[in-house]
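Me: Please take a close look at a single part of this model. I would like the cut-offs spelled out as you go.

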Amino acid sequence: MSDRETKTDVILIGAGVMSATLGTLMKELVPEWEITVFEKLAKEGEESSNEWNNAGTGHAALCELNYTVEKSDGSIDINKAIKINEQFQVSMQFWSYLVNSRLIRNPQDFIMPLPHMSFVKGERNVTFLKKRFKALSNNPLFQGMEFSDEPEQLMEWIPLIMQDRASNEPIAATKIDSGTDINFGALTRMLFDHLESKNAVINHKHNVKDIKRTSDGLWELKVQNLDSGTVERHTAKFVFIGGGGGSLHLLQKSGIPEGKHIGGFPVSGIFMVCNNPDIIAQHHAKVYGKAKVGAPPMSIPHLDTRYIDNKKSLLFGPFAGFSPKFLKNGSIFDLVTSVNPNNVLTMLAAGVKEMSLTKYLIKQVMLSKEERMEELREFIPNAKREDWDFVVAGQRVQVIKDTEAGGKGTLQFGTEVITSADGSIAALLGASPGASTAVHVMLEVIKKCFPQYIEEWEPKIKEIIPSYGISLMKNPELLHEIHTSTAQTLGLIEKEPVFS
Ligand SMILES: Cc1cc2nc3c(=O)[nH]c(=O)nc-3n(C[C@H](O)[C@H](O)[C@H](O)COP(=O)(O)OP(=O)(O)OC[C@H]3O[C@@H](n4cnc5c(N)ncnc54)[C@H](O)[C@@H]3O)c2cc1C
């Protein structure tokens, strides 16, 4: 039975940070376009974007060692780190624009300054970190990074990690104070509040079941109203599938050829959360370690100060694991039902290739609390069982596709924007670097889907993001200006006094 039918310009599926960002950008570019959102849960930002479901790192490659790979000649490739840092600067400019324009308030409710550190043990890793530091610290994007392998200095930076450290193994760390902790859940909710104030219609407890193209080139969604149980039909000129882990199934339902031969591999996560205020008070940084051999990049351990629910917390993890669900609130049949005649060969090829990863993830799920404590003790040597609890994090669905470099069924660790040839539908798949680069990724969606408007919209985009289309690394003066102004607007540094 269908009791409601609507027609609109734009439909956003899913109320996570990606839909929130795209909707907010579009409201600035074309305020007159009507936007409707469908979210199957009762609130916005309850899946991966929720503050307890992700690590809240403002990924700018300041501390994540997997973004700087050691090449076979021993040199460090910093290209990925540069790319991610530049993308993060785009997010910082967008958020600053929203605060300056009073479209959102109280930035401290979603972003806080926090030193980002990398921490390694063993001679080989110390040599790697030193080389990484040399390669990055000359680059304007990473200015202010410090390196130390002196125990006294490290004790000052990370007392909790250095206390009771018995081994004589060489250790080293880098530290950069311009890092951030971001509450992406709070940001998502703020952006949806703003969208609602601009007349966007947000439908909670509405599960999108199907997407079909109509004969007049529009998209019709079959949506189940979870309160009434009725099925509704909603039509739009443009649809964004921002369903997080739910996006792959919806993309497949749209039937666009660009969505074929793509699969998904779910990776679950668990954080340890400290419940002892004395321990929490002793740490003030995000400290990223190095992934163990065979471990996927999303399981790099880190010990993070977090600001959640208006208080300081301390989290360790995430421990990656395997679960067949594509969303935390998903179904155990998600993985099986994502395999269809179009992607079965790709999935089978990936199954063979990634057997060791699957085994690794299953082993991780089976770890006992004591085994997890042992991993934590690599960071906090005297960590006590009773001070730590567990919290289940969000699901990340990694994209599997056929690539020239990797062949059939290659697992991807980045994000993928899939669009139809006519730009009337777009889907976001994958999860890394994730929410931190949402603005860059959503601008890509806009560029790919609305090429006919880009020239007209460009002045506004440049007003929102002054560095749009410009490499900040190659323009250190602009970088300094943007760095200072965004940090001031977002409350990350004190505003300089104005003297008359
Ligand atoms: C463990 C973990 C750690 C992470 N750490 C970081 C980090 O430190 N920094 C960072 O930048 N990123 C991080 N990420 C990635 C980041 O969380 C995600 O990239 C981001 O939140 C994705 O946002 P989204 O809007 O695409 O998806 P989501 O936030 O998952 O939102 C999707 C929404 O769509 C809804 N939905 C799905 N299907 C349907 C349907 N059929 N009908 C209606 N609604 C539907 C869901 O209920 C959900 O609300 C992490 C992720 C995980 C899991």
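Reply: What follows starts with the whole chain, then turns to one helix and the ligand shell.

This is a predicted model, where local features need pLDDT of at least 70, side-chain atom pairs count only at pLDDT 80 or more, and totals for chains, interfaces and linings use all residues. Residues are numbered from 1 along each chain as its sequence is written.

First, the setting. The protein has 15 helices and 22 strands. Helices (H or I, at least four residues) and strands (E, at least two) are DSSP runs, numbered from the N terminus. The C-alpha trace spans about 70 × 65 × 45 Å along its principal axes. Of the 500 residues, 47% count as buried. Buried means that 20 or more other C-beta atoms lie within 10 Å of a residue's own; exposed means 12 or fewer, partly exposed in between, with C-beta atoms placed from the backbone. Among contacts between residues at least 6 apart in sequence, 75% join residues at least 24 apart. A contact needs two C-beta atoms, placed from the backbone, within 7 Å.

Now the part itself: α1, residues 17-29. At 1.5 Å a residue, its 13 residues should span 18 Å, and the end C-alpha atoms are 18 Å apart, which agrees. That expected span is 1.5 Å times one less than the number of residues.

α1 is mostly covered, with eleven of its 13 residues buried. Val17, Met18, Ser19, Ala20, Thr21 and Leu22 are among them.

What do the buried residues of α1 pack against? Four strands are listed here: β1 (5-13), β2 (35-38), β13 (231-241) and β22 (425-429). The helices α6 (184-197) and α13 (438-449) are partners too.

The largest share of the shell, three residues, comes from α1. Both α1 and β11 (206-213) supply at least two residues of that shell. In total, 41 residues surround the ligand. A residue counts as near if its C-beta atom, placed from the backbone, lies within 6 Å of the molecule. The closest are Gly14, Gly16, Gly244, Gly246 and Gly434.

By class, the shell has 17 nonpolar, 19 polar and five charged residues. Ala, Val, Leu, Ile, Met, Phe, Trp, Tyr, Cys and Pro count as nonpolar; Asp, Glu, Lys and Arg as charged; the others, Gly among them, as polar.
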